[in-house]
Amino acid sequence: MTKRNGYALLAALAAVVVLISGAIFAGATLGGHGSDDDTQTRPRTPLRSAAPATSASWIGTWSTAPAFAELGTEQGFPGRSLRNVVHTSIGGTSARITLSNLFGVQPLHITHASIAVAATPGAPTAANGTMRRLHFGGSPSVVVPPGGQVVSDPAPLNVPYDADLLVTTYSPTPSGPVTHHPRARQTSYVAEGDRTEDPLGDAYTGQTPYWRYLTAVDVLSGKSEGAVVVIGDSITDGVTSTAGANRRWTDVLADRLDGRYGVLNSGISGNRLLSDGTGPSGLARFDRDVLSRSGVKAVVVVLGINDILRPPHELDAARITAGLDQLARQARARGLRVVGSTIMPFEGTRAHTPQLEAVRDRVNEAIRTRGVFDAVVDFDQALRDPYAPDRLLPAYDSGDHLHPSDEGYRRMGTAFDIASLNRSADAAGV
């Protein structure tokens, strides 16, 4: 062997050693021990890739607040399929759902459940190739105890942003009163028999304005930053917005955020901050309907008007302010940003009196000046008539002098300062 050939052989051997070492290093980097938590996965990135390492996490794309037991459903819906139609605020690569039996008095037996992307907005037919059977702990059936809830296993599904999903459940046996959200502003569907995985909607001849059992849909997302949860009453529920058109103010906000944050609507029509009435009070349901949502990063509070407007009228503004402060402190204790809204005008309603107006004014002054929240969205100022500031501007009034029109909801969504979601919470307020 010549000296030149000897050097070449040594160089080749050295190159092999370098390649083997690099492979071992890459294997250790890419195949290291990760979390067993199903709420986070770490996509593998090629060694020396110019792309930054990213992680996906579970974030809410849609939610609703269970309000009470549906009247006339003492037996539930045995032998029928319930197909809920819900609208996404962010997209993802997998989905999971939450089913609630909060107001049930006996176990809810679900033997079949599915999720799919709707072929067209609001329709009960699934887009081609999107129907997925859901499992719960590896089983296609689950029992939801009275007062409880369950979360499904993840289902691989490319969930689009700003699209409708179909979530279907089937129960073969009587299940007692149905936990529901009554003011969906969205048509859902009912079919006789187990039609859970039917991609076509032909069998879904029954229609309903309610969401039943379903309270949340989460997606696995590596692009969105988290979720914004809005707790409110009928104004957040969007009761006077055009049904099926997704024109609640929270929908407008979701469109503006463009998939950056999920927007979760926890409004209940008639809801109060301090006392139970239409649904549990804001104080009572805050942990379940807001703080426990997946991926929550910020909270928006739009409550207080029904405490003033509905009997028994709360005439002590300090009590309302203290309740709002309590919600803000609970959220900050979880490290969440808290944005609060002023109470909007309601002169022109039958319940309006100068005494109640004075309470609203004092609460709004406290919200604006006393640092109750980390940031304030002044819906009062955004929607009031500048020539009659105790009233809604006519263009923003649905006609009942309390709830906004579609244009009023659009104004609310555009008045919200998106930058207020990003600033660090004031540590002194924790």
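Tutor: We start with the elements: helices (H or I, at least four residues) and strands (E, at least two) are DSSP runs, numbered from the N terminus. This is a predicted model, in which local features need pLDDT of at least 70 and side-chain atom pairs count only at pLDDT 80 or more, while totals for chains, interfaces and linings use all residues. Residues are numbered from 1 along each chain as its sequence is written, and side-chain values use heavy atoms, with hydrogens and water left out.

Student: In which helix is the place of leucine 291?

Tutor: Leucine 291 belongs to helix H4, which spans residues 282–291.

Student: Is leucine 291 buried or exposed?

Tutor: The terms rest on relative accessible area: buried is under 20%, exposed is over 50%, and partly exposed lies in between (1.4 Å probe, protein chains only). Leucine 291 is buried, because its relative accessible area is 8%. The buried residues of H4 also include Gly282, Arg285, Phe286, Asp289 and Val290.

Student: Which residues does leucine 291 touch?

Tutor: Contact means heavy atoms within 4.5 Å. Not counting residues up to four places away in sequence, leucine 291 touches Phe286, Val296, Gln330, Ala331, Arg334 and Leu336. For H4 as a whole, the cover over its buried residues includes strand E18 (226–232), E19, strand E20 (296–302) and H6.

Student: At what angle do H6 and H7 pack?

Tutor: Axes are lines fitted to C-alpha atoms, for helices over the stretch in contact, and angles run from 0 to 180 degrees between N-to-C directions. Here H6 and helix H7 (residues 354–369) pack at about 40 degrees, their axes being 9 Å apart. A crossing is left-handed if the near helix is turned anticlockwise from the far one by less than a right angle, and right-handed if clockwise; H6 passes H7 in the right-handed way. On the H6 side the residues that meet H7 are Ala317, Ile320, Thr321 and Leu324, and their counterparts in H7 are Val359, Arg362, Val363, Ala366 and Ile367.

Student: Where do the buried residues of H9 lie around its axis?

Tutor: In helix H9 (residues 406–415), Gly408, Tyr409, Met412 and Gly413 are the buried residues. They cover an arc of only 140 degrees around the axis, so they are on the same side of H9; the arc is that of the directions from the helix axis to the C-beta atoms. Their cover includes helix H2 (234–237), helix H3 (249–257) and helix H8 (379–383).

Student: Which strands pair with E5 in the antiparallel sense?

Tutor: Strand E5 (residues 92–100) has 8 of its 9 residues buried. Its antiparallel partners include E11 (residues 155–159), over 3 bridges, E17 (residues 214–221), over 5 bridges, and E10 (residues 149–151), over 3 bridges. Alanine 95 is bridged to alanine 155 in E11 and to valine 219 in E17, whereas serine 100 has glutamine 149 in E10 as its partner.

Student: Which residues touch the most other members of the largest nonpolar core?

Tutor: In soluble globular proteins, nonpolar side chains tend to be buried together. A nonpolar core is a set of buried Ala, Val, Leu, Ile, Met, Phe, Trp, Tyr and Cys residues joined through side-chain atoms within 4.5 Å. The largest one has 64 residues, of which Ile115, Val217, Val301 and Leu324 touch the most other members. Helix H6 (residues 317–333) gives the most to this core, namely 6 residues. Apart from it lies another core, of 26 residues, including Leu257, Val300, Ala382 and Ile418.

How values were computed:
Pairing = 2+ DSSP bridges.
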